[in-house]
Amino acid sequence: MLAGGLARRMGGGDKPMRQIAGRTILDRVIGRLKPQCDGLILNANGDPARFASFGLPVIADTVKDFPGPLAGILAALDWAATNRPDVAWVLSAAADCPFLPRDLVARLHRARAEQDAQLAVAASGGQSHPVIGLWSVALREELRHALVVEDVRKIDRWTARYKLATVTWPTIPLDPFFNANTMDDIAEAERLAALDGG
């Protein structure tokens with residue numbers, strides 16, 4: 001889970017720690033992903049103690065001064081290679097998306113296998129969500145080279161080099177990739193939480 005945003009549009013702080021209907025956004029994200037994954041880690045820079053109550057490994061970016069989700073994805077791939085050498089695929093998801101699909105991992109894996117793709121990303125409402133994707137640990141050195149040597153920052157620019165499977169989810173009754181970027185979004189998320197079963 002990528003929790004690296006600065007939440008400038010919310011006045012700063014950690015967006016995933018904002019509450020929606022009595023639960024933090026991060027708690028909701030963990031609740032969605034835990035049944036789908038063999039383990040969870042949180043990518044966040046700064047003091048990891050602020051996330052201690054969640055009981056997850058908190059890893060910082062492994063490439064310094066490269067803000068953005070690609071650095072977080074690389075950190076996760078590096079962590080998996082070191083700590084879980086049995087793991088070949090890592091899912092990335094934004095830690096400010098409280099309504100992630102319950103079939104996210106299964107559908108991304110299925111599409112990747114069916115299309116013989118090297119990567120898979122989510123989409124909804126005619127928009128790709130490249131930060132929510134399935135990444136091969138085997139590509140981590142290629143990603144490091146793209147970040148460090150080529151200064152590639154945009155996910156789309158990097159994924160364009162590979163065969164990519166895109167899986168689309170419906171947006172009714174709600175977009176499962178809704179993310180809370182502003183205080184207005186938090187108010188909207190309160191309404192959507194009722195549609196999503198609380």
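Let me start with terms: helices (H or I, at least four residues) and strands (E, at least two) are DSSP runs, numbered from the N terminus. With that, the protein reads β-β-α-β-β-α-β-α-β-β-α-α-β-α along the sequence. That gives 6 helices and 8 strands.

A word on the source. This is a predicted model, where local features need pLDDT of at least 70, side-chain atom pairs count only at pLDDT 80 or more, and totals for chains, interfaces and linings use all residues. Residues are numbered from 1 along each chain as its sequence is written, and side-chain values use heavy atoms, with hydrogens and water left out.

Now the overall form. The radius of gyration is 16 Å, close to the 16 Å that the globule rule gives for 198 residues, so the protein is as compact as a globular protein of that length. Here the radius is taken over C-alpha atoms, and the rule is 2.2 Å times the number of residues to the power 0.38. Along the principal axes, the C-alpha atoms fill a box of roughly 40 × 40 × 30 Å.

Next, the sheet. Two strands pair if DSSP finds at least two bridges between them. An open sheet of 4 strands runs in the order β5-β7-β6-β8, with mixed pairing. β5 (89-92) and β8 (164-169) are at the edges with a single partner strand each, so one side of each has no neighbour in the sheet. From one strand to the next, the twist averages 25°. Angles run from 0 to 180 degrees between N-to-C directions, using axes fitted to C-alpha atoms, for helices over the stretch in contact.

Look at β5 and β7 (residues 127-136). They run antiparallel, joined by 4 bridges. In one of these strands, β7, G133 is the bridge partner of S92.

What lies across β5, β6 (119-124), β7 and β8? Helix α3 (residues 104-114), running at about 140° to β8. Contact here means heavy atoms within 4.5 Å.

Two backbone details. The peptide bond from I172 to P173 is cis, with omega near 10°. P173 sits in the loop between β8 and α6 (183-195). A21 is not a glycine, yet its phi is positive, about 50°. A21 belongs to the loop between β1 (19-20) and β2 (23-24).
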